[in-house]
Amino acid sequence: MDGMSGPYLIRGSVSLPEAELLWRFSRSSGPGGQHVNTSDSAVELRFDLAKTEALPEVWKARALERLASRLVDGVVSVRASEHRSQWRNREAAAVRLAALLAEATAPPPRPRRATRIPRGINERRLREKKQRSDTKRGRSGRDWT
């Protein structure tokens, strides 16, 4: 794996553990040339989210819950085949997986605090609404030509 620009940071100091990444290569569809039928440039990257020790327990629980629809036996997989070289597809897949895990492990947003609408704003809205209504009503007069 020389030349790979890992480790791929998820968030803070937590990164994707290289030892827990399962790579699979296959022939990619799309553009190529004479070389296309002999090279396995499409990349599938699998990461066992259920068994990993690299993520803090809280993050892991959060990710398992949020990615439940994407998981197969606790394993999340990402495919990349947009580039013609396997190396660039590997980079793309790893970056995509890191981004996916970063989003899935992010803390939930703060709950919204309900605030009251100031009375003046509400009154101004109603006043403008009435004005618009009067303008439109004025247009529909029978004697208006």
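The dialogue below concerns how to read selected features of a predicted model.

Visitor: Which elements does the protein have, and how do they run from the N terminus on?

Guide: The protein has 3 helices and 5 strands. From the N terminus, the elements run β-β-β-β-α-β-α-α. Among contacts between residues at least 6 apart in sequence, 65% join residues at least 24 apart.

Visitor: Is N89 buried or exposed?

Guide: N89 counts as buried because its relative accessibility is 0%. This residue has its place in helix α2. Beyond neighbours within four places in sequence, N89 is in contact with S41, A42 and V43, as well as with A80, S81, E82 and H83.

Visitor: How are salt bridges to be read, and how many does a search of the whole structure find?

Guide: Side chains of opposite charge can pair when their charged atoms come close. A search of the whole structure finds 7 salt bridges. One of them joins the side chains of E44 and R46 at 3.7 Å, N to O. E44 counts as buried because its relative accessibility is 9%, whereas R46 is partly exposed, with a relative accessible area of 29%. R24, E44 and R46 are linked in a network of salt bridges.

Visitor: Where in the chain do the partners E82 and R96 lie?

Guide: E82 forms a salt bridge with R96, and their closest N and O atoms are 2.6 Å apart. The pair links distant parts of the chain, with E82 in the loop between β5 and α2 and R96 in helix α2, 14 residues apart. E82 counts as partly exposed at 49% relative accessibility, and R96 counts as partly exposed at 35%.

Visitor: Which side chain of opposite charge is nearest to the buried K60, and how far away is it?

Guide: K60 is found in helix α1 (residues 57-66). The nearest side chain of opposite charge is that of E57, 4.2 Å away. K60 has no salt bridge, because a salt bridge requires the nitrogen and the carboxyl oxygen to lie within 4 Å. A polar atom of the K60 side chain does lie 3.3 Å from the backbone oxygen of A50. Leaving aside neighbours within four places in sequence, K60 is in contact with L49, A50, K51, T52 and L55. Among these contacts is K51, which forms a salt bridge with D48 at 3.9 Å between the closest N and O atoms. K51 is exposed, with a relative accessible area of 65%.

Visitor: What phi does D73 have?

Guide: Most residues other than glycine have a negative phi. D73 is not a glycine, yet has a positive phi of about 55°. This residue is found in the loop between α1 and β5. D73 counts as exposed because its relative accessibility is 75%.

Note on methods: Residues are numbered from 1 along each chain as its sequence is written. This is a predicted model: local features need pLDDT of at least 70, side-chain atom pairs count only at pLDDT 80 or more; totals for chains, interfaces and linings use all residues. Side-chain values use heavy atoms; hydrogens and water are left out. Helices (H or I, at least four residues) and strands (E, at least two) are DSSP runs, numbered from the N terminus. Contact means heavy atoms within 4.5 Å. Buried means under 20% relative accessible area, exposed over 50%, partly exposed in between (1.4 Å probe, protein chains only). Lys and Arg count as positive and Asp and Glu as negative; His and the chain ends are not counted. A polar contact is a pair of N or O atoms within 3.5 Å; within protein, one must be able to donate a hydrogen and the other to accept it, and residues adjacent in sequence count only if both atoms are side-chain atoms.
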